[in-house]
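Please read them with the structure open.

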Amino acid sequence: MSENWNSDLLSCCDDMKSSGCYGLWCCPCLACTVSGLFGQNRCLPLCDICSPAVMSAFGIPLCVPPAGLALRVGIRQKYEIKGSLCKDIATSCICVWCSWCQLHRELKYRNHTPAVVNQPKK
């Protein structure tokens, strides 16, 4: 069964401590954190920063951030979140900061392990 994202794309203010301020003031750092939390190389999002410059040097325009898109699709697939590749591309291109913040909030929510309390029988 597919489910929705845990938080909306524009819900950066819901978690000001980590996603909001961290994403606003140091989005590349947040992107590297998200990549690490998802089990990928922490330097992967740096491709999003470097690839447009390298590609434009060869005359090839690049507007889709490859790492951001790949991680967004990977997280959506792993946790069976509703959506489509088209929506992922649009989100990754138009709202880069909001997308990374949403991914961070989602991974925090998914990786949160509830405490198990064992009570002795009486």
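How much space lies in the largest cavity?

1. The cavity. This is a predicted model. About 30 Å³ of space lies in its largest cavity. A search of the whole structure finds one cavity of 30 Å³ or more. The residues that line the largest cavity are P65, G68, S92, V96, S99 and W100. Helix α6 gives the largest share of this lining, with three residues. By class, three lining residues are nonpolar and three are polar. No charged residue takes part in the lining.

2. Salt bridges, the count. How many salt bridges does the model hold? The count comes to four.

3. R110 with E3. The side chains of R110 and E3 form a salt bridge, 3.1 Å from N to O. This pair links distant parts of the chain, 107 residues apart. R110 sits in helix α6 (residues 96-111), while E3 belongs to the segment before α1 (16-25). Are the two partners buried or partly exposed? R110 has a relative accessible area of 22%, so it is partly exposed. E3 has a relative accessible area of 37% and is partly exposed too.

4. E106 with R110. R110 has another partner in E106, and here the N to O distance is 2.7 Å. E106 and R110 are both in helix α6, four residues apart, so about one helical turn separates them. E106 counts as buried because its relative accessibility is 0%, under the 20% limit. R110, in contrast, is partly exposed at 22%. Taken together, E3, E106 and R110 are linked in a network of salt bridges.

5. D88 with R76. The side chains of D88 and R76 also meet in a salt bridge, at 2.7 Å from N to O.

6. Helix α4. Which residues of α4 are buried? They are A67, G68, L69, L71, R72, I75 and R76. Among them, R76 is the partner of D88 in point 5, and G68 is one of the residues lining the largest cavity. Just after α4, E80 takes a positive phi of about 50°. Please look at that residue in your viewer.

7. L37 has its place in helix α2 (residues 27-37). L37 counts as partly exposed because its relative accessibility is 37%. What does L37 contact, leaving aside its neighbours within four places in sequence? The contacts are with H104, L107 and N111. L37 and H104 are 67 residues apart along the chain. Their C-alpha atoms are separated by 8.3 Å.

Definitions and conventions:
Residues numbered from 1 in each chain as written. Predicted model: local features only at pLDDT ≥ 70, side-chain atom pairs only at ≥ 80, totals over all residues. Heavy atoms only, no water. Helix = DSSP H or I, 4+ residues; strand = E, 2+ residues; numbered from the N terminus. Buried < 20%, exposed > 50% of the residue type's maximum accessible area, 1.4 Å probe, protein only. Contact = heavy atoms within 4.5 Å. 1 Å grid on protein atoms, 1.4 Å probe; cavity = no way out; pocket = protein on both sides within 12 Å on 5 of 7 lines; lining within 4 Å. Points joined across faces, edges and corners; volume = space filled by probe spheres on them. Nonpolar A, V, L, I, M, F, W, Y, C, P; charged D, E, K, R; others polar.
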